[in-house]
Amino acid sequence: MRQHTNAVVATQRAQVKLIAYKKLVFHEKVEELSKLRFLMDKKNGTIKFHDIVRIEGKKQFRDKINKDLIEEESQKLKIEKRVSELQKAKRKLSNPKEIKNIINAYQQYIKTFMDELNLPKVDIKKYSNINANIKEKGNNQPRALLAYYYSVLNVNYIYSNSTFCPIVIDSPNQQDRGVNCTPIVRHI
């Protein structure tokens, strides 16, 4: 992610430098043209209407380039601000203390949800790692999966600044759930 943000910032800086260079070349050419026109007009003794229109057009063009430069600079500042925010969030999440807090929160949630969903015979140590692999069978599997996913979603909700999206849950009375699916429905 850092490489992507660095690439975006580098691209923006290159564009700003290119625009500044083109602006400088443009101003030099306009100055050169103005001097030539002045000499020609002095020699001819008159300024023609189309010359005035052309000069005004160049002024408008210069103003447009300046406006575009200001907009590009504004975009660059917004991107740099966003990059800074992302770097702060990354540093925060890379902090060992923060990682420990996230893991502890996950472990609390998984234990609570397993209890709520009547999974007392399941070895909680198997699921203490956030990257756990759910290997329950029969009517324990949907409840174990529900406890796991809800734990991850709750930790994500607390420790992430991303948008929390809706989840879709299919019928809890599947996969040989048996007669009593009340704990699942109550949990949802």
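Tyr106, Tyr148 and Tyr149 are linked into a cluster by ring pairs. A pair here means rings of Phe, Tyr or Trp (its six-membered ring) with centres within 6.5 Å; planes under 30 degrees apart are stacked, over 60 edge-to-face, and the rest tilted.

This is a predicted model: local features need pLDDT of at least 70, side-chain atom pairs count only at pLDDT 80 or more, and totals for chains, interfaces and linings use all residues. Residues are numbered from 1 along each chain as its sequence is written, and side-chain values use heavy atoms, with hydrogens and water left out.

The whole structure holds five aromatic pairs. In one of them, Tyr106 and Tyr148 have ring centres 6.2 Å apart and planes at 80°, so the pair is edge-to-face. Tyr106 sits in helix H3 (residues 96–116) and Tyr148 in helix H4 (residues 140–159), so this pair ties together parts 42 residues apart in sequence. Tyr148 also pairs edge-to-face with Tyr149, at 5.4 Å centre to centre and 65° between the planes.

Next, accessibility. Buried means under 20% relative accessible area, exposed over 50%, and partly exposed in between, with a 1.4 Å probe and protein chains only. Tyr106 is buried at 0%, Tyr148 is buried at 13%, and Tyr149 is partly exposed at 47%.

Now the protein as a whole. Its secondary structure is five helices and zero strands, helices being DSSP runs of H or I with at least four residues and strands runs of E with at least two, numbered from the N terminus. Of its 188 residues, 22% count as buried.
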